[in-house]
Amino acid sequence: MDKLTVGRRKAAVARGSIKAGNGSITVNGKDYKDFFSNAYMQNKVEAPLKVSGIEGKFDVVINVFGGGIKGQAEAVSLAIARAIIADDAEKRPELKKAKLLRRDARKVERKKTGLRKARKREQFSKR
């Protein structure tokens, strides 16, 4: 299976695919453990494969850009989960139960005019 899937989180966009192989995960041409140095982010990337029970059976190739490193890790996780479903629709219930198919739509709120940040104001002075 080599269907391209997309995962997004904040400003990060990950495009990826899976195919039968020995279990390597490549992100932007690097091994995912080199790309994501933090253990939390590595676990986030591995989660869809562990939950669906196909860890070590498929090669994953991901291209990710935009946003920060944490947003990229979560976008990669969603792209992998969607690729697994594209390959085998029977894995959907277990991925859904683990909440790995949910697109987290929260983004940074824009700054408003007259304010310091999105909601922060100047300190009120009564006198």
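Modeller: Please do. This is a predicted model, and one place to begin is strand E2 (residues 12-20), which pairs with strand E5 (residues 58-65) in the antiparallel sense over eight bridges. Within this pairing, serine 17 has valine 61 in E5 as its bridge partner.

Biologist: What makes strand E3 (residues 25-27) and E5 a pair?

Modeller: Two strands pair if at least two bridges are found between them. E3 and E5 have three bridges, in the parallel sense, so they count as a pair. Here valine 27 stands opposite isoleucine 62 in E5.

Biologist: Why is glutamate 46 called buried?

Modeller: Buried means under 20% relative accessible area. Glutamate 46 is at 9% relative accessibility and therefore counts as buried. This residue is found in helix H2 (residues 39-52). Leaving aside neighbours within four places in sequence, glutamate 46 is in contact with Tyr32 and Lys33.

Biologist: What makes helix H3 (residues 69-87) mostly covered?

Modeller: Of the 19 residues of H3, 14 are buried. From its first C-alpha to its last, H3 reaches 27 Å, close to the 27 Å expected at 1.5 Å a residue.

Biologist: What is the predictor's confidence in the chain, as a mean pLDDT?

Modeller: The mean pLDDT of the chain is 94, on a scale from 0 to 100. A value of 70 or more is reached by 99% of the residues.

Conventions
Residues numbered from 1 in each chain as written. Predicted model: local features only at pLDDT ≥ 70, side-chain atom pairs only at ≥ 80, totals over all residues. Heavy atoms only, no water. Helix = DSSP H or I, 4+ residues; strand = E, 2+ residues; numbered from the N terminus. Expected span 1.5 Å × (residues − 1). Buried < 20%, exposed > 50% of the residue type's maximum accessible area, 1.4 Å probe, protein only. Contact = heavy atoms within 4.5 Å.
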